[in-house]
Amino acid sequence: MTTTKLHLHSEWKAFLSEELNSNNFQAIINDLAIERKSHTILPANDLIFNAFNFTTPSNIKVVILGQDPYHRKGQAHGLSFSVPNGVKIPPSLRNIYKELQSDLNYSNSSNGNLESWAKQGVLLMNATLTVREKKAGSHQKLGWELFTDSIIKKISDKNEGVVFLLWGAFAQKKSVLINTNKHHILTTTHPSPFSAYRGFLGCKHFSKTNKILLNNNQKPINWKLCSEPLTLF
């Protein structure tokens with residue numbers, strides 16, 4: 001998987017040309033090739049960079065950072081917290097829906113696909129972009145974080161007025177990469193069932209994000225999700 005064959009939008013290829021041509025990135029690609037010989041790697045190869053194919057760098061309004069992809073087959077499709085159409089909604093996403101209902105009075109969706117958010121400029125990026133099947137966190141030392149940290153910093157440097165939603169201690173550590181004079185950071189606990197009750201539920205991050213966007217003369221995000229499968233473009 002060389003830079004010329006990446007399933008990645010052309011604007012992102014230009015935006016990340018330095019990162020994509022780095023020794024670190026090439027090492028990741030080489031390690032993945034080795035891993036695939038004896039393990040099932042998630043998400044599928046053509047979905048690893050899926051988060052970057054719904055919005056361009058210049059159109060990013062919001063960043064929601066996850067840790068690593070779902071490690072159960074059929075769940076991961078390259079968007080943090082999201083699952084494909086027809087897949088059972090995982091516990092953390094279920095709590096995200098609970099907060100949506102509480103914050104904006106949106107009824108809970110039976111569909112866990114968050115592509116509609118991504119299409120509006122919400123970058124749903126995991127810090128680690130791949131994982132071995134049934135081995136959570138297995139690729140956290142592969143070099144992905146160096147790559148995605150660079151993306152966060154570059155978004156901070158090149159863009160203006162992005163809202164970063166950092167849920168949980170892991171995501172909050174990334175705040176050092178973000179220029180708070182140019183951007184907005186909202187933090188709370190992770191939506192996991194183990195921590196959601198300690199701050200995530202009741203955080204009102206969805207309405208707060210839209211208020212920030214409106215104050216910056218940007219169109220707010222329509223956070224409402226339909227129960228019906230989304231139409232892909």
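Analyst: Contact means that heavy atoms lie within 4.5 Å. This is a predicted model, in which local features need pLDDT of at least 70 and side-chain atom pairs count only at pLDDT 80 or more, while totals for chains, interfaces and linings use all residues. Residues are numbered from 1 along each chain as its sequence is written, and side-chain values use heavy atoms, with hydrogens and water left out.

User: Among contacts between residues at least 6 apart in sequence, what share joins residues at least 24 apart?

Analyst: The count takes contacts in the protein between residues at least 6 apart in sequence. Of these, the share that joins residues at least 24 apart is 67%.

User: How many helices and strands does the protein have, and in what pattern do they follow along the sequence?

Analyst: Helices (H or I, at least four residues) and strands (E, at least two) are DSSP runs, numbered from the N terminus. On that basis the protein has eight helices and six strands. Read along the sequence, their pattern is α-α-α-β-β-α-α-β-β-α-β-α-β-α.

User: How does the radius of gyration compare with what the globule rule gives for 233 residues?

Analyst: The radius of gyration is taken over C-alpha atoms, and the globule rule is 2.2 Å times the number of residues to the power 0.38. The rule gives 17 Å for 233 residues, and the protein is as compact as a globular protein of that length, because its own radius of gyration is close to that, at 17 Å.

User: What share of the 233 residues is buried?

Analyst: Buried means under 20% relative accessible area, exposed means over 50%, and partly exposed lies in between, with a 1.4 Å probe and protein chains only. By this cut-off, the buried share of the 233 residues is 50%.

User: What is the strand order of the open sheet, and which strands are at its edges?

Analyst: Two strands pair if DSSP finds at least two bridges between them. The open sheet has four strands with parallel pairing, in the order S3-S2-S5-S6. Each edge strand pairs on one side only, and these are S3 (122-126) and S6 (184-188).

User: By what angle are neighbouring strands of this sheet turned against each other on average, and which strands does helix H6 touch?

Analyst: Axes are lines fitted to C-alpha atoms, for helices over the stretch in contact, and angles run from 0 to 180 degrees between N-to-C directions. With direction ignored, neighbouring strands of the sheet are turned by 20° on average. Helix H6 (residues 144-158) packs on the sheet, its direction making about 155° with that of S3, and the strands it touches are S2 (62-66), S3 and S5.

User: In strand S6, which residue is the bridge partner of Leu 165?

Analyst: Strand S5 (residues 163-167) pairs with S6 in the parallel sense over five bridges. The bridge partner of Leu 165 in S6 is Leu 186.

User: Is Asn 126 buried or exposed?

Analyst: Asn 126 is found in strand S3. Leaving aside neighbours within four places in sequence, its contacts include Leu 65, Gly 66, Leu 79 and Thr 148. Because its relative accessibility is 8%, Asn 126 counts as buried.

User: Why are the buried residues of helix H8 on the same side?

Analyst: The buried residues of H8 (residues 205-215) are His 205, Phe 206, Thr 209, Asn 210, Ile 212 and Leu 213. The arc is that of the directions from the helix axis to the C-beta atoms. These residues are on the same side of H8 because they cover an arc of only 160°.

User: Which exposed residues does the face of H8 turned away from its buried side carry?

Analyst: The buried residues of H8 pack against S2, helix H4 (91-104), helix H5 (115-118), S5 and S6. The face turned away from that buried side carries the exposed residues Lys 211, Leu 214 and Asn 215.

User: Is Asn 105 buried or exposed?

Analyst: Asn 105 lies in the loop between H4 and H5. Its phi is near 60°, a positive value in a residue other than glycine. Because its relative accessibility is 68%, Asn 105 counts as exposed.

User: Which peptide bond is cis?

Analyst: Pro 43 lies in the loop between strand S1 (41-42) and S2. With omega near -5°, the cis peptide bond is the one from Leu 42 to Pro 43.
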